[in-house]
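Here are a few exercises to work through with the model open beside you. Take them in order and try each one before reading its solution.

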Amino acid sequence: MARSVAVVVLLAMAAVAAAQAPGPAATPAAGATGPPNVTAVLEKGGQYTTFIRLMKETQQDTQLNSQLNNSFNGNGYTVFAPTDNAFNNLKPGTLNSLTQQQQVALVQGHVLPQFYSMDSFQTASNPVRTQASGTDGPYTLNITSTTNNNVNVSTGVVEVTVTNALSAVKPLAVYSVDKVLLPFELFGVKAPAAAPTASTAKPKKGGSTEAASGPAGAEDAEPTGAASARAVGWGVAGLAAVVGCLL
């Protein structure tokens with residue numbers, strides 16, 4: 001009997017100890033990822049080194065990642081990422097000709113403050129605002145869908161077709177493009193200056209104008225004093241002839 005009681009007590013103590021022992025550490029769920037990071041997405045793509053460098057130099061990578069991680073914009077973001085070949089096809093010196101602020105605007109012109117899937121591009125309302133802005137307001141893009149479910153993006157200077165998504169999980173969508181989206185505000189054709197108004201005065205021979213000339217026939221008119229002297233002279237001659245006849 002005593003032995004049975006001892007066994008029961010030992011079993012009870014073992015059960016209590018097992019219940020109090022810490023369980024195994026929880027493992028992350030399959031497919032779990034960290035916070036979205038645009039730089040990591042581009043680096044994984046493998047052909048966006050120039051765009052990554054430009055983002056770092058303008059600090060737009062840090063700004064965008066911070067906004068993504070802090071839920072600065074609940075609507076998410078969309079990035080159009082030009083390939084290295086896209087930058088290589090630019091006219092030599094294009095990037096170096098831009099000021100620091102213009103380079104910032106160039107990068108921001110590739111970022112939309114809205115998450116767009118390929119399907120949601122079909123309902124985009126043009127013009128679509130980008131992160132860039134200038135004295136005339138925000139830089140914009142025109143986005144249209146094609147019949148084969150591709151998407152055309154135009155800045156007014158260049159147009160490109162979007163077909164490849166590097167990432168499309170909200171809050172960040174990143175799409176590869178084979179052209180740099182040169183903003184119209186920086187690279188568009190400027191309107192020509194207005195031509196000066198032509199003078200209404202007609203030049204005369206010798207370079208003078210009619211406005212500087214006297215009345216018509218003024219060059220041939222006699223001076224008023226000469227005409228008066230001539231009239232007096234004729235009067236005196238007539239009077240002398242009359243006196244001569246009387247004598």
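**Exercise 1.** Work out which residues the ring pairs link into a cluster.

Solution. Ring pairs join Phe80, Tyr116, Phe121 and Tyr175 into a cluster. Rings of Phe, Tyr and Trp (its six-membered ring) pair if their centres lie within 6.5 Å; planes under 30 degrees apart are stacked, over 60 edge-to-face, the rest tilted. Before going further: this is a predicted model, where local features need pLDDT of at least 70 and side-chain atom pairs count only at pLDDT 80 or more, while totals for chains, interfaces and linings use all residues. Residues are numbered from 1 along each chain as its sequence is written, and side-chain values use heavy atoms, with hydrogens and water left out.

**Exercise 2.** Classify the pair Phe80 and Tyr175 by its centres and planes.

Solution. Start with the whole structure: a search finds 4 aromatic pairs. For Phe80 and Tyr175, the centres are 6.3 Å apart and the planes sit at 35 degrees, so this pair is tilted. Strands here are DSSP runs (E, at least two residues), numbered from the N terminus. Finally, check accessibility: Phe80, at 0% relative accessibility, counts as buried (under 20% relative accessible area; exposed is over 50%, partly exposed in between; 1.4 Å probe, protein chains only).

**Exercise 3.** Do likewise for Phe121 and Tyr175.

Solution. This aromatic pair is tilted, at 5.4 Å centre to centre with 55 degrees between the planes. Phe121 belongs to the loop between β2 (111–112) and β3 (128–134), 54 residues from Tyr175. Both Phe121 and Tyr175 are buried.

Terms used
Helix = DSSP H or I, 4+ residues; strand = E, 2+ residues; numbered from the N terminus.
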